[in-house]
Amino acid sequence: MVNSHARLCVLDTCFLIDWVRYRHREALWRVFSVGILPSAVLDEVVSEHTISVLRDWLASGNVLIYPQTDELIRRAMSLIIDLRSDPRIPKLDLPEAVCIVIAKEYEATVLTENRGAIRAYQYAPERIRPASIMNALRLLIMMFREGVLNNTPQNILHEYEEDVKHRFSRREIDRVLRE
């Protein structure tokens, strides 16, 4: 059982690469007590900037590396195969499946931009729980609502888009703001 006071996240590659470019990236640690970085995700990181930020986060204890094991890979492959039966869910790759398996074990939130993972949570939450899945847009809006980021949602999103060069669809922004 997870410590009820700990709020854990599992970092996926696509989220991580974008988030480290965000000017308020350290605000992540005002929401989550620890970030879990699967070694499968670490293996995909090649950017010097991302590696530098990760080095700082590891040194500060904000991030822990989760080792890859045969059992973890077996469970991730099983999840991939299970989710392929639903045509609404795009193909899930191994690193994202590893993130979900770890998050299920620790009742954590997977931070990802991967559509397969996001759709799996949307269309097959029973296969993902007790984990949750969140993209940067939902995280930024949550940070606004919890008072972690003090600005208007529009300005918060504008700053993120400017820093990261990632554009959110206006339709998705409207949908998340209504939730």
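## Ground rules

Since the model is predicted, local features need pLDDT of at least 70 and side-chain atom pairs count only at pLDDT 80 or more, while totals for chains, interfaces and linings use all residues. Residues are numbered from 1 along each chain as its sequence is written, and side-chain values use heavy atoms, with hydrogens and water left out.

## Overall build

The protein chain has eleven helices and five strands; these are DSSP runs numbered from the N terminus, H or I of at least four residues for helices and E of at least two for strands. Its C-alpha atoms fill a box of roughly 45 × 40 × 35 Å along the principal axes.

For 179 residues, a compact globule would come out near 16 Å in radius of gyration, and the chain agrees at 16 Å. That radius is taken over C-alpha atoms, and the globule rule is 2.2 Å times the number of residues to the power 0.38.

## Where α5 meets α6

Helix α5 (residues 70–83) packs on helix α6 (residues 94–106) at about 105 degrees, with the axes 8 Å apart. Axes are lines fitted to C-alpha atoms, for helices over the stretch in contact, and angles run from 0 to 180 degrees between N-to-C directions. The pair is therefore roughly perpendicular (65 to 115 degrees; under 35 is roughly parallel, over 145 roughly antiparallel, the rest oblique).

Contact (heavy atoms within 4.5 Å) involves L72, I73 and R75 of α5, among others, and residues of α6 including L94, A97 and E105. By class, that makes twelve nonpolar, no polar and two charged residues (nonpolar: Ala, Val, Leu, Ile, Met, Phe, Trp, Tyr, Cys and Pro; charged: Asp, Glu, Lys and Arg; polar: the others, Gly among them).

## The largest pocket

The largest pocket has a volume of about 410 Å³. On a 1 Å grid over the protein atoms alone, a pocket is an open set of points with protein on both sides within 12 Å along at least five of seven lines, and lining residues have an atom within 4 Å of a point. Volume is the space filled by probe spheres (1.4 Å) set on the points.

Of its 15 lining residues, I118, Q122, R138, E172 and R175 are closest to the centre. α7 gives the most, with six residues, and the lining has five nonpolar, three polar and seven charged residues.

Most residues other than glycine have a negative phi, and most peptide bonds are trans. R129 and P130 are joined by a cis peptide bond, omega about 10 degrees, with P130 in the loop between α8 (125–128) and β5. E107, not a glycine, has a positive phi of about 55 degrees.
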